[in-house]
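Please look over the sequence and the model below before reading on.

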Amino acid sequence: MTDSGVPPQESHTQQSRVDEGKSSEQVFQEATPDKDLEQPIAPDQFDVKYCTTKWEIWAYYAYYIGNNGLSLFNFGPTAFQNLLSQAAGDSGTLYFAGRERSINSIVLLSNGISFAIQVVIFLVIGSFADFGTWRPSILITLSIIAYAIGFGWLGVHTADKWHVGVGLYIVGLIAYQTTLTFWTAAFPGLARNTPEMKAKADAYTAGTISRDEYDQADTIERSRLANIAFYVQSCAEVVILAIIVGIMFGVHVNASEENNNWGLSVLIAFASGVWLLVSLPWFFLEKRRPGQDPQGRNIFVAGLWQLYYAMKQVWRLKQSLLYLVGKI
């Protein structure tokens, strides 16, 4: 190391004199890094092996066609409440959770149990949707549970099995919400690695566009993928519902109460079968991209820190909070 010949204290004094000749704004600008000099934060941004393909995007859309909620979020609750009503009979009550309860009370209590379990699950593994590389494996596991619940309804279509229906209903809601969450978490990585965003990333690195322009392009690409996914899912669901109408006539759901119960179980299983078939391409074609960088934190801690940060920031949306409180 060469000696400049200027003592550190004297050098600092000279720098102070230079700064005195500048405005405070100039000094701040020189001391603050330019936002445009920052590199894109995605760890997979420039890795060619993670480039999003057309087939991968369509596989992503296809999973949403199956995870449309018809099986566990629509027909499942209907079948569950049917069994409760038939088991309760004229009394309108059943013994559940320690005492006699009305059907509405059982449904509400089951919802509360389901939501409470979901809170615990998301606190424990929710951060894996954003950090690390475990998200695809977790989605596959949760999906298998969802398929099993859907097919399990084939064995639950009589009033005497309403207790089993409670379990299928609660776990079904959990499976539906968790699979939807871990599927949704994949689209930022898909968007960042499309050829269009690769070109934007190269342009940003070359200095031809600003960071704000890059971020805007990223936002637009994410919105495009999300909107097309919803459009494709909605169109496909119309076809699925048309087939379901045919199935209902085929099993003569209007002929008797038993036929109606069996018909609902068949519909749940059919929708689950569709979900299974259309989700397989996504399981095989998804590229296991690394998630966000936890910045030295444990993934569990990173998730809790993210929750803490979100809770701090939410107070900036006071009008939205007042609206939500009013809705409650």
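Two strands are said to pair if DSSP finds at least two bridges between them. In this predicted model, strands β1 (residues 93-96) and β2 (residues 99-102) pair in the antiparallel sense, and four bridges join them.

**The hairpin**
- β1 and β2 form a hairpin in which two residues lie between the strands, and A97 in the turn has a positive phi of about 55°.
- L94 has R101 in β2 as its bridge partner.

**The nonpolar cores**
- The largest nonpolar core has 65 residues, of which Y60, Y63, F80, L84, W153, W183 and W282 touch the most other members.
- Helix α7 (residues 162-184) supplies the largest share of this core, namely twelve residues.
- Leaving aside residues up to four places away in sequence, W282 touches E56, A59, Y60, Y63, L139, W183, A186 and L190.

**The surface patch**
- V119, V120, L123, V124, F300, V301, L304, L307 and M311 make a nonpolar surface patch of about 800 Å².
- Helices α5 (103-125) and α12 (299-313) each supply at least two residues of the patch, and α12 gives the most, with five residues.
- M311 lies in helix α12, and M311 counts as exposed because its relative accessible area is 52%, where exposed means over 50%.

How values were computed
Residues numbered from 1 in each chain as written. Predicted model: local features only at pLDDT ≥ 70, side-chain atom pairs only at ≥ 80, totals over all residues. Heavy atoms only, no water. Core = buried A, V, L, I, M, F, W, Y, C linked by side-chain atoms within 4.5 Å. Buried < 20%, exposed > 50% of the residue type's maximum accessible area, 1.4 Å probe, protein only. Contact = heavy atoms within 4.5 Å. Patch = residues over 30% accessible without salt bridge, like charges linked within 9 Å, V, L, I, M, F, W, Y side chains within 5 Å. Areas by Shrake-Rupley, 256 points an atom, 1.4 Å probe, with all protein chains shown as cover. Salt bridge = Lys/Arg side-chain N within 4 Å of Asp/Glu carboxyl O.
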